[in-house]
Amino acid sequence: MKKRLSLIQMDVHVNEVEYNYVRVQELLSQALSEKPDIIVLPETWNTGFHPSKDLINISDRNGERTKALLSTFAKEHNVNIVGGSVAVAKEDLVFNT
């Protein structure tokens, strides 16, 4: 059985986390028009992973926000999501996860 794939292209706004999360939600919804089985997101879409002094503070703590957003959307729309990667803060470190 052939799977339908939707690749999301996104202009990530560096260090503009709120904008990026809203934009990902919009793009996920738009991708549904293609009736995909799988939606693929870009790398470092939440912060742009730009090395700034504030990166630790704007990164997703333990990836919780991203996991909640993507898992809820995937379940609601019966689609698989390859989440690209996001800047995730764990303790005092930031990871591209």
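In this predicted model, the side chains of R23 and E26 form a salt bridge, with N and O 3.0 Å apart. Both residues belong to helix α1, where they sit three residues apart and are thus separated by about one helical turn. An α-helix has 3.6 residues a turn, so residues three or four places apart point the same way. R23 is partly exposed at 25% relative accessibility, and E26 is likewise partly exposed at 38%.

The count of salt bridges comes to two. The other pair is E18 with R65, whose closest N and O atoms are 2.9 Å apart. R65 has a relative accessible area of 35%, which makes R65 partly exposed.

Within α3, the residues T66, L69, L70, F73 and A74 are buried. They lie on the same side of α3, because they cover an arc of only 115° around the axis. The cover over these buried residues includes α1, β2 (38-40), β3 (60-61) and β4 (80-82). On the other side of α3, the residues E64, K67, K75 and E76 are exposed. Just after the helix comes N78, which takes a positive phi of about 50°.

Technical notes:
Residues numbered from 1 in each chain as written. Predicted model: local features only at pLDDT ≥ 70, side-chain atom pairs only at ≥ 80, totals over all residues. Heavy atoms only, no water. Salt bridge = Lys/Arg side-chain N within 4 Å of Asp/Glu carboxyl O. Buried < 20%, exposed > 50% of the residue type's maximum accessible area, 1.4 Å probe, protein only. Helix = DSSP H or I, 4+ residues; strand = E, 2+ residues; numbered from the N terminus. Arc of directions from axis to C-beta. Contact = heavy atoms within 4.5 Å.
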